[in-house]
Amino acid sequence: MQFFDDSMLPENQEPLVIQVAPFGPQFLPSDSDDIAVSMDAQIQKAVDCYNAGATVLHVHVREEDGKGSKRLSKFNEMLTRLREAVPNMVLQVGGSISFAPEDEGAAAKWLSDDTRHMLAELSPRPDQVTIAINTNQMNVTELLTHDDCAGTSMAEPAYFQAYKEMWIPSGPTFVEEHLKRLQASGIQPHFMLADVGQLETVERLIRRGHYTGPVVLNWVAIGGGADGPNPRNMMEFINRCPQGAVLTIESLMRHVLPLNTMAIAMGLHVRVGIEDNLWGKKGERMTSVQQVEQMVRIARELHRDVASGTDARRIYKIGEHYNGIDETLAAVGYEPNRKPGQRGFQLAA
């Protein structure tokens, strides 16, 4: 991404899109008073987050017993109700479905390729489904401190160990087929990228014709196989993003606020919610709604507009699709593919 002399001025920045992940499938209901369990409560949580200023909803679903649901019929039920309750929100379904352990001592793991492919068949259709790129470790415990885990199931050794050994199965065959199915269904893939290497894979997928849509993505700075929340990592990722990308910053626990503050100042977008973070000040809990409200306050202090639902759909380029490789590269901001016999550096179209 290229920054001009006036890129930090809020009148030249897009309105801030606040993505919220309020359902936290890795946590148990006893971990937080902010975890909605019943379907009614989950829908109300979405409404409350929207009213606070969030316009993209990261969707997971809980069963009535409080466990993260792995049933796509439950996702269909929730999507139907969300379309009625928050019609202006961008609905983004979590591509893992649920990685929560079934029982104490069981592994935390993503569901099978075939099951995740069925996300392309959800009805009503979500606006987005998140997709991870490249099989990778997802040890979400690496950055956690004793204070982060206090009062939650993550403080239990068996549960902590389950998440310590978690990994993301997202090899080339799965990714290519998943992108094919999502695009055929008119669902935008939202790329969840842990480092520059994964961004490079996305570029290759575009250059080889496997993906012909906007590059809308999160930089997922959670450590444990992903980049850690180091500003140098963040700036390198930003530097490597194409000019037409739509970039949201995501991190873990109390790292969320400082990185998101930087993102707001720089004209990028943010993600909050208890799936990522339970805390405000050290030792003080913070709800998903309070985290959204905090982002709105910071944006206002910087005189940056906060996106409406209509803004979010335009900024995220929901519904856009391009005709072939060359058009996609141009729209995203990548240089064209090299033509046979062509030498030297390529210039963007």
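How exposed is R71, in relative accessible area? A few notes on that residue and some others follow.

1. R71 is partly exposed, with a relative accessible area of 43%. Here buried stands for under 20% relative accessible area, exposed for over 50%, and partly exposed for what lies in between (1.4 Å probe, protein chains only). Please keep in mind that this is a predicted model, in which local features need pLDDT of at least 70 and side-chain atom pairs count only at pLDDT 80 or more, while totals for chains, interfaces and linings use all residues. Residues are numbered from 1 along each chain as its sequence is written, and side-chain values use heavy atoms, with hydrogens and water left out.

2. The partner of R71 is E63: the two form a salt bridge whose closest N and O atoms are 2.8 Å apart. A salt bridge means a side-chain nitrogen of Lys or Arg within 4 Å of a carboxyl oxygen of Asp or Glu. E63 counts as buried, at 17% relative accessibility. In total, the structure holds 18 salt bridges.

3. D34 and K45 are another pair to look at, with their side chains meeting in a salt bridge at 2.5 Å, N to O. D34 sits in the loop between strand 1 (18-20) and helix 1, and K45 in helix 1, so the pair ties together parts that are 11 residues apart in sequence. Helices (H or I, at least four residues) and strands (E, at least two) are DSSP runs, numbered from the N terminus. Both D34 and K45 are buried.

4. Helix 1 (residues 39-52) also meets helix 10 (residues 288-301): their axes come within 9 Å and cross at roughly 15°. That makes helix 1 roughly parallel to helix 10, a word used for angles under 35 degrees. The axes are lines fitted to C-alpha atoms over the stretch in contact, with angles running from 0 to 180 degrees between N-to-C directions.

5. Which residues make this contact (heavy atoms within 4.5 Å) between helix 1 and helix 10? Helix 1 brings D48, C49 and A52, and helix 10 brings S288, V289, V292, E293 and V296.

6. In helix 7 (residues 196-207), R204 and E200 are four residues apart, separated by about one helical turn. Their side chains meet in a salt bridge (3.7 Å, N to O). R204 is partly exposed at 39% relative accessible area, and E200 is partly exposed too, at 27%. Salt bridges that share partners join E200, R204, E236 and R240 into one network.

Notes: Parallel < 35°, antiparallel > 145°, perpendicular 65-115°, else oblique. Contact = heavy atoms within 4.5 Å.
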